Amino acid sequence: MDIADKLEILADAAKYDVACTSSGIDRDAQKGKLGNTLAAGICHSFSADGRCITLLKVLMTNVCVYDCAYCVNRCSNEIARAAFKPRELADLTIGFYRRNYVEGLFLSSGVIKSPDYTTELMIETLEILRFEHAFRGYIHAKAVPGTSPELVDQLGHLADRMSVNMELPSQKSLQLLAPEKNKQNILAPMKQIKENIAEDKDTRAIMRKCTTYMAESKPKKKTRAFVPAGQSTQMIIGATPESDYHILNLSASLYRTLSLKRVFFSAYLPVNDDRRLPSADAIELNREHRLYQADWLLRFYRFDVNEIIDEEHPFLDPMLDPKANWAINNLDRFPVEVNTASYEMLLRVPGIGVRGAKSIMRARKRSTLREPELRKLGIAYKRARYFITCNGSYGGTGADFSREGLRAQLAAPIKGGSHGRRADKAIPGQLSLFEQTEVPKPKIMRPQEYRTLHEPPAVTNDPLAASLPEWFGASASAQLRGPARPSREKVLIGTCA
Ligand code: SF4
């Protein structure tokens, strides 16, 4: 099997993994080394089926000894199998990087032989990239649950971000759908990564401060930082009966206790026929979307889980975003005056985001804010107007200021976005990594056409024309020879445009 075939199989097998995002770390280019990383550098393009194409997203192998019910790569499925050799994958990544196809590598894997053996292959690949190719670009590596701590540590010093998939939101579900995995095997590497990151940061901070003492003990060769972009995880939603309340509480505790950068939610997609799994109509992409909105409120808007959702209503409202839902359930706190409200309160107004709240805080020092100023600051005034006053004037007239009245104004089904798995087409002009372009074949000319094109220039009756040297200038020659004919080369290029 050649590398292109392997790539096709292993990139396709990796498309169900959603955990990749902005790189989160800065690393400058260095002379003699290849590439750099920008904190916001890995922005994504998605192909029509949701594959992220800015990172080379592949599996080391789709051979797997486990049999997780929801996974296309499980050992009981009869599918084409392939495995990269470490050098093949490293060279492929560098080839793509140099051609500007990708900004980094997202490497996951099925479990071949054992978690340790799989991780060793991944380590070998990353060592070739980092040490032989001196690659300084972004690498996200998956830690396979059950890998021994020494290998997790080794992998962490080569990757920028690591993730261990939670897979499912509870131990019971894990037992049902992924019986070879268990909570302990998943949480142990997550804890280790958290501790190693903290330890690594502390050591580096001490080394920066104690310049005199460390000058002697500093190792000559700089060791790579351990997972400088932090860790993330992913869980499948909708395959098992856990509620949004359960999932959001779990996410909040992961952020709190394991300092995760992101928890990714992956709506269950049926790829296997298995009686333990729900039917195909259980796909809940909209639920995934609402969970991401709630997750955003936890991480950036200073919300607590209990403010977003409660045990009595354990699922997020599919018709209303969680922030608007909170606002209409707390109408006694609205409307707020944008010229005097606290930053925390501005953050809670539907239609005002983090950047908007900061802009308002700055702008109102200089002038009184009214509707036109808010619009200029990029506030979604159409939504915000029901919850604010601008210099005493309320903009939400026409709607009943009640829970039902405002719900009627704000509730709307989720529209398919222009990216990710909701995309029904790629952004115009962009091609996905595996997309074929239709290049029209060059026009094949008949002999007569070819002769016409290459016949000697028409000679005018002007006696001077024959004696004009070529270098005299194209315009002068053209005037005498008649209109210029396109060269053969131009004709061919023209057909490809
Ligand atoms: S261990 Fe990973 S690759 Fe293997 S079957 Fe389970 S989810 Fe799929």
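**Strand pairing and helix packing in the predicted model**

The structure is a predicted model, in which local features need pLDDT of at least 70, side-chain atom pairs count only at pLDDT 80 or more, and totals for chains, interfaces and linings use all residues. Residues are numbered from 1 along each chain as its sequence is written. Helices (H or I, at least four residues) and strands (E, at least two) are DSSP runs numbered from the N terminus. On this basis the chain holds 20 helices and nine strands.

Of the 497 residues of the chain, 34% count as buried. A residue is termed buried if 20 or more other C-beta atoms lie within 10 Å of its own, exposed if 12 or fewer do, and partly exposed in between, with C-beta atoms placed from the backbone. Two residues are in contact if their C-beta atoms, placed from the backbone, lie within 7 Å. Among contacts in the chain between residues at least 6 apart in sequence, 70% join residues at least 24 apart.

Two strands are taken to pair if DSSP finds at least two bridges between them. Strand 4 (residues 161-163) and strand 5 pair in the parallel sense over two bridges. Strand 5 also pairs in the parallel sense with strand 6 (residues 262-267), over six bridges. Within strand 6, V263 is the bridge partner of T233, and S266 stands opposite I236. Strand 5 (residues 231-237) is mostly covered, six of its seven residues being buried. Strand 6 is largely enclosed by the rest of the structure, because five of its six residues are buried.

An open sheet of three strands has the order 7-8-9, with mixed pairing. Strand 7 (336-337) and strand 9 (393-394) stand at its edges, each with a single partner strand, so one side of each is left without a neighbour in the sheet. Strand 8 (residues 388-390) pairs with strand 9 in the antiparallel sense over two bridges, and C390 stands opposite S393 of strand 9.

Helix packing was examined with axes defined as lines fitted to C-alpha atoms, for helices over the stretch in contact, and with angles running from 0 to 180 degrees between N-to-C directions. Helix 2 (residues 86-98) and helix 3 (residues 115-132) pack at an angle of about 40°, with their axes 8 Å apart. Helix 2 is therefore oblique to helix 3; angles under 35 degrees count as roughly parallel, over 145 as roughly antiparallel, 65 to 115 as roughly perpendicular and the rest as oblique. The crossing of these two helices is right-handed, a crossing being left-handed if the near helix is turned anticlockwise from the far one by less than a right angle, and right-handed if clockwise. The contact involves P86, R87, L89, A90 and T93 of helix 2, together with L121, E124, T125, I128 and L129 of helix 3. These residues divide into six nonpolar, two polar and two charged. In this classification Ala, Val, Leu, Ile, Met, Phe, Trp, Tyr, Cys and Pro count as nonpolar, Asp, Glu, Lys and Arg as charged, and the others, Gly among them, as polar.

H133 lies in the loop between helix 3 and strand 3 (138-142). With 18 other C-beta atoms within 10 Å, H133 is partly exposed. The C-alpha atoms of H133 and I94 are separated by 7.7 Å, although the two residues are 39 residues apart along the chain. Leaving aside its neighbours within four places in sequence, H133 is in contact with L34, A90, I94 and I128.

The axes of helix 11 (residues 322-329) and helix 16 (residues 403-410) come within 9 Å and cross at roughly 160°. Helix 11 is therefore roughly antiparallel to helix 16, and the crossing is right-handed. In this contact, A324, I328 and N329 of helix 11 meet R403, L406, R407 and L410 of helix 16. By class, four of the residues in the contact are nonpolar, one is polar and two are charged. Helix 11 is mostly covered, with seven of its eight residues buried. The buried residues are P322, K323, A324, N325, W326, A327 and I328. They pack against helix 9 (285-300), helix 10 (305-308) and helix 16.
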